[in-house]
Amino acid sequence: MGIFHDLLEGRKYPIDLVIILFWSIITAIILFTLPDGHILRLVFGIPLLIFTPGYSLVSALWPKGSKESSISNQSEKDINSYKIGILERIALSFGISIVIISVIGVLLDIIWVISLSSIMLSLVMFKLLFLSIAWYRRYELLEEERFCVNLIFKYPIVSTKLDRILTIVLAISL
C-alpha cells in the first residue's frame with residue numbers, strides 16, 4: 001500500500017513511540033518559549049509528566065501486542081511471553097509515570113538542582129533511552145507479535161433497512 005498506510009497501521013513502524021517522541025520535542029519547545037502561566041504549557045506539559053515516561057517504560061517492558069489481556073493466562077515460568085492490552089498499557093503508564101517522576105525529582109534534588117531545564121533534560125533522556133529499547137525489542141519480534149496502535153479507522157457497514165434508517169435519523173439529529 002505504501003509507507004503512509006504502513007505508518008498508520010502501526011505494525012511495521014511503531015507510530016505510538018513516534019508520537020511520544022514528537023510530543024516530548026514539541027512540549028520542550030513550548031515550555032522553553034512560552035511565558036509562565038500560558039495554557040499551552042499546561043495542555044502539553046501535564047501529559048508529558050503523567051503519561052509519557054510510564055508509556056515509554058511499559059513499551060520497553062512489554063513489546064508484544066495482544067487484543068485482550070493475557071497476563072492472567074500466562075504461566076509463571078514463561079515471564080518473557082507476557083502480553084498486555086491497550087487498556088492495561090495506558091493504566092500502567094499513568095501509575096508508573098508518577099513513580100518515575102518522583103524518583104527523578106528525588107535524584108535531581110540529591111545530585112543536581114531542580115529546575116525546568118534539569119527536569120526536561122532528565123525526562124527527555126529517560127524517554128529516549130526507553131523508547132530506543134522499546135523500538136529495538138519490537139523489531140526483534142515478528143510483525144504479527146508486535147504491539148501496534150492502528151490509526152486506520154474503518155466505518156461500520158450498515159446492513160439492514162432499520163440500521164440505515166437509524167443511521168440517517170442519528171445523522172440528522174446531530
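Predicted model: local features only at pLDDT ≥ 70, side-chain atom pairs only at ≥ 80, totals over all residues.
Local features need pLDDT of at least 70 and side-chain atom pairs count only at pLDDT 80 or more, while totals for chains, interfaces and linings use all residues. Residues are numbered from 1 along each chain as its sequence is written, and side-chain values use heavy atoms, without hydrogens or water.

The protein chain has seven helices and zero strands; helices (H or I, at least four residues) and strands (E, at least two) are DSSP runs, numbered from the N terminus. Of its 174 residues, 32% count as buried, meaning under 20% relative accessible area, with exposed over 50% and partly exposed in between (1.4 Å probe, protein chains only).

The largest nonpolar core holds 23 residues, and Tyr-55, Leu-57, Ile-100, Ile-104 and Phe-126 touch the most other members. Such a core is a set of buried Ala, Val, Leu, Ile, Met, Phe, Trp, Tyr and Cys residues joined through side-chain atoms within 4.5 Å.

Beyond its neighbours within four places in sequence, Tyr-55 is in contact with residues including Asp-16, Arg-89, Arg-138 and Phe-147; contact means heavy atoms within 4.5 Å.

Ile-39 lies in helix α3 and is exposed, with a relative accessible area of 55%. In soluble globular proteins, nonpolar side chains tend to be buried together.
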